Number of protein chains: 2
Amino acid sequence: MKIVIIGSGNVGWHLGNALYEQGIHVEQVYSRQRAKAEALAQAIKTDYTTHLQDVMPGADLYILAVSDDAIKAVSIKLRRRINIHSDKKLEPLVVHTSGATPSTVLRSYFKNYGVFYPLQTFSMRKAVEFNTLPICVDSTNIANLDTLFRLAQSLSQEVYRINDDERKILHVAAVFVNNFTNYFYTIADDILQQEGIDFDILFPLIQETINKIYDHPPKMMQTGPAVRDDEKTIGEHLNYLGKYPDYQKVYDLITQNIRKS
Amino acid sequence: MKIVIIGSGNVGWHLGNALYEQGIHVEQVYSRQRAKAEALAQAIKTDYTTHLQDVMPGADLYILAVSDDAIKAVSIKLRRRINIHSDKKLEPLVVHTSGATPSTVLRSYFKNYGVFYPLQTFSMRKAVEFNTLPICVDSTNIANLDTLFRLAQSLSQEVYRINDDERKILHVAAVFVNNFTNYFYTIADDILQQEGIDFDILFPLIQETINKIYDHPPKMMQTGPAVRDDEKTIGEHLNYLGKYPDYQKVYDLITQNIRKS
């Protein structure tokens, strides 16, 4: 199977490297930014281009690892490029890697389309364990779905068929457990820094918070002043947070919600 | 050193077991609830009582591992009991284990008082690694502080002197990174359950969220629709959350805060 990766950002980089590590050759990578395209191409020993019109036609699978709002524009240009390939029976499969974008965005441009969504937070300089990383695939066509399943399974033990509606909800859930918890880490880091206390002191607590939910439903693991209706402590905390009005508002709302639930 | 643990809840249980594992004998444990007192006493091979008036006098250290709002009432009764011991020069050291309570609460009752606060979330049935667990100690008296440091260091490599003000702020930070993130896990679990998706699919993402902040300031690791001002995705998420008004409010507020920051 001939694979081309469009995009050399966080997802493209890590996906490309994961394929390479499994001995799956990527034919070409694309990025607008030469440095990124070149770095990825070098890392996985392949060619690169910085122009969509130079993306190779005739591949079996194009993986659009681009930002959500670039998917349409890239699709239009890629469509033109694919048309150069004469054999209409061999229309390639085109997938995007987005949690927030329905697969149907691709339908206007490609006969064979789908989604290849690795449910993970990627950062450039941080290696990611693919073996246990959930990969959510989907396609309206069974043969395409099968192709995506097999490719995903060569990277990870955790492969799921997740449709557009489900993926959207999964993405909302991911925002809560990743983006929003990270914001709470930021708040903690900020208020501790003001007092000269090192944020690291919270690491064992942060890790244990997770360890608990591996075995128990999070609702059962809820502790703290809010769930035990400890108004005295809540009042003191809100009072202390008076100097951080944005944090105070968050504390107040989350506490109300926990007390209600 | 003769140690008595007052309280056999989560903290008393785990602290007692941790001391036992280090070969430090606890003379007696107390709990109002016979089953709890008995379980802990059996686990760490010691005696127990369910009556504060039967707590042994003449110990060197009493650890009050009771709920915040019980600290005063327990102190009053314990004071009476300690008075039975005739030698006024050997006033015992009395500490509480609370993050939210100033050490000064104990000042009215005991000449020697302090805090022994393990910064962790404890649950009854879940073993806890004490070796790396931050223990925050404090006392106004240098000799007492030294006693607490040595005891804490026999359990953990991470021992800090943290005063009342600092401990209060640390407790606020702990509420954000533990209680409030756990609430986000609860939200994610809830919305996924409604759609028949298993919460477990988020574990690799949840773990990676933490892995990232071991090496980088959380603010630098912020990803997601809010930080990239992706109004389309934010709008879709808020729209989807319309059926969960409490969650929608949280999503909206946190997103506003992240965009501001």
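**Note on a predicted two-chain model**

1. A:Lys45 is found in the loop between H2 and strand E3 (47-49) of chain A, where helices (H or I, at least four residues) and strands (E, at least two) are DSSP runs, numbered from the N terminus. Phi of A:Lys45 is near 50 degrees, a positive value in a residue that is not glycine. Most residues other than glycine have a negative phi. A:Lys45 counts as exposed because it has 9 C-beta neighbours inside 10 Å; a residue is buried if 20 or more other C-beta atoms, placed from the backbone, lie within 10 Å of its own, exposed if 12 or fewer, and partly exposed in between.

2. This is a predicted model, in which local features need pLDDT of at least 70 and side-chain atom pairs count only at pLDDT 80 or more, whereas totals for chains, interfaces and linings use all residues. Residues are numbered from 1 along each chain as its sequence is written, while chains are lettered from A and ligands numbered from 1 in the order in which they are written.

3. B:Asp229 is found in the loop between H6 and helix H7 (231-240) of chain B, and B:Asp229 is exposed because 11 other C-beta atoms lie within 10 Å.

4. As to overall make-up, chain A holds eight helices and eight strands, and its C-alpha trace spans about 75 × 35 × 30 Å along the principal axes. Of the 261 residues in chain A, 49% are buried. Among the contacts in chain A with a separation of 6 or more, 55% come from residues 24 or more positions apart, a contact being two residues whose C-beta atoms, placed from the backbone, lie within 7 Å.

5. Chain A is divided into domain 1 (3-162) and domain 2 (168-260), with bounds that come from an automatic or database domain assignment. The centres of domain 1 and domain 2 of chain A, taken over C-alpha atoms, are separated by 36 Å. Six residues of domain 1 of chain A are in contact with four residues of domain 2 of chain A, and the residues on the domain 1 side divide into four nonpolar, two polar and no charged; here Ala, Val, Leu, Ile, Met, Phe, Trp, Tyr, Cys and Pro count as nonpolar, Asp, Glu, Lys and Arg as charged, and the others, Gly among them, as polar.

6. Strand E7 (residues 135-139) of chain A deserves a look, since five of its five residues are buried. Both faces are covered, with A:Ile135, A:Val137 and A:Ser139 on one side and A:Cys136 and A:Asp138 on the other. E7(A) pairs with strand E6 (residues 112-118) of chain A in the antiparallel sense over five bridges, two strands being paired if DSSP finds at least two bridges between them, and A:Val137 is the bridge partner of A:Phe116. Three bridges join E7(A) to strand E8 (residues 159-161) of chain A in a parallel arrangement, in which A:Cys136 stands opposite A:Tyr160.

7. In chain B, eight strands form an open sheet of mixed pairing in the order E3-E2-E1-E4-E5-E6-E7-E8. Strand E3 (47-49) and strand E8 (159-161) of chain B stand at the edges, each with a single partner strand, so one side of each lacks a neighbour in the sheet. Within this sheet, strand E1 (residues 3-6) and strand E4 (residues 61-64) of chain B pair in the parallel sense over four bridges, and B:Val4 has B:Tyr62 as its bridge partner in E4(B).

8. Between the chains, 73 residues of chain A are in contact with 73 residues of chain B. The elements of chain A that give two or more residues to this side are helix H5 (164-194), helix H6 (203-215), helix H7 (231-240) and helix H8 (245-260), and H5(A) gives the most, with 24 residues. The residues of the side of chain A that touches chain B divide into 43 nonpolar, 17 polar and 13 charged. The buried residues of H6(A), which are A:Pro204, A:Leu205, A:Ile206, A:Thr209, A:Lys212 and A:Ile213, pack against helix H5 (164-194) and helix H6 (203-215) of chain B.
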